[in-house]
Amino acid sequence: MAAENPVESLQEEATCPVCLEYFTEPVTLECGHNFCRVCITQCWEGSDTAASCPQCRETVQQRNLRPNRQLANVVEIAKRLSLQAAKGTGGDGVCERHQETLKLFCEEDQTPICVVCDRSRAHRAHTVVPIEEAAQDISVCQEKIQAHLRTLREEREKLLGFKEAVEKRSQEHLKQTETKRQKIVSEFQRLRQFLEEQERLLLAQLDKLEEEIVKIQNENVSKLSEQISHLSERISEMEGKCQKPASEFLQDVRSTLSRCEKGKFQQAVEISPELEVRLSGLSQKSIAVMETLRKFKGLRTSPTHSCN
């Protein structure tokens, strides 16, 4: 039965009976019925050259499909008229696909649809109500959404406050770490200066002691070498005296014995007690420095240590 509205009647005439949407590349069968080329081709899949029309069930030849250009033009006119009718009624909701006013609401898809969409396969099994009826629930939905918005805004404010507090604490911690960093750098600089100064002092004192020890050593070696030379001469004299005949041996024998008895040799000069004290003092200072380094090493390798 044709719709009373001429525009709706034209829309029905421009609708394919298979897909229930506007004709796409319409073709006419021998029986006079029209279909989308794709729709009728899909209906005849697996058939021979002859097939039945989906509407009248008459047998027709598949090769006799004729493009219906006039119907294609009518479809375009119907689309434009539907769009103009929708704009003329002040409706701003128009189906992009069918250019029809969005008068219905699909509850399954939660979206407005037009009457052509309602007849299509996509929404045929869905619950569809007039959009005016669906609009009655808008206020209820809006109240629920506003309640959710208030809750979300409160949560956002809490998170913003928490974020600000976290950033503030992080900045305080970073400031503390920077202060500790500077303190550590300063302390290590002082430690390096102290160690370098102690190194210079200890090495200088060791160099001086070394010079004095070498001086004493050289003096002792010189004196001992001189005494060894004198001893070697007297030994040679005594050995020569003992090898002479008795008559010659007795000559000046008392003088020879006298020289042997009078010969006294000086002992080597030992390191003075003052040098021993100085050397011991340097050893103690070196031990003190090494003990400091040992404590520092133990402090550095300690698993739990807080720098104040």
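Is Glu-178 buried, partly exposed or exposed? At 37% relative accessibility, Glu-178 counts as partly exposed. Keep in mind that this is a predicted model, and here are a few close-ups of it.

**View 1. Arg-181 and Glu-178 pair up in a salt bridge.** The closest N and O atoms sit 3.5 Å apart. Both residues belong to helix α6, and being three residues apart there, they are separated by about one helical turn.

**View 2. Lys-163 and Glu-167 make another salt bridge.** Here the N to O distance is 2.8 Å. This pair is also in helix α6, where a spacing of four residues puts about one helical turn between Lys-163 and Glu-167. Lys-163 comes out as partly exposed, with 46% relative accessibility, and Glu-167 is partly exposed too, at 39%.

**View 3. Arg-37 meets Glu-25 through their side chains.** It's a salt bridge with an N to O distance of 3.0 Å. As for the overall tally, the model has four salt bridges.

**View 4. Leu-203, Leu-206 and Leu-279 form a nonpolar patch on the surface.** Leu-203 sits in helix α6, which covers residues 138–242. With a relative accessibility of 44%, Leu-203 counts as partly exposed.

Definitions and conventions
Residues are numbered from 1 along each chain as its sequence is written. This is a predicted model: local features need pLDDT of at least 70, side-chain atom pairs count only at pLDDT 80 or more; totals for chains, interfaces and linings use all residues. Side-chain values use heavy atoms; hydrogens and water are left out. Patches are made of residues with over 30% relative accessible area and no salt bridge: like charges are joined within 9 Å, nonpolar side chains (Val, Leu, Ile, Met, Phe, Trp, Tyr) within 5 Å. Accessible areas come from the Shrake-Rupley method with a 1.4 Å probe; for residues, only the protein chains shown count as cover. Helices (H or I, at least four residues) and strands (E, at least two) are DSSP runs, numbered from the N terminus. Buried means under 20% relative accessible area, exposed over 50%, partly exposed in between (1.4 Å probe, protein chains only).
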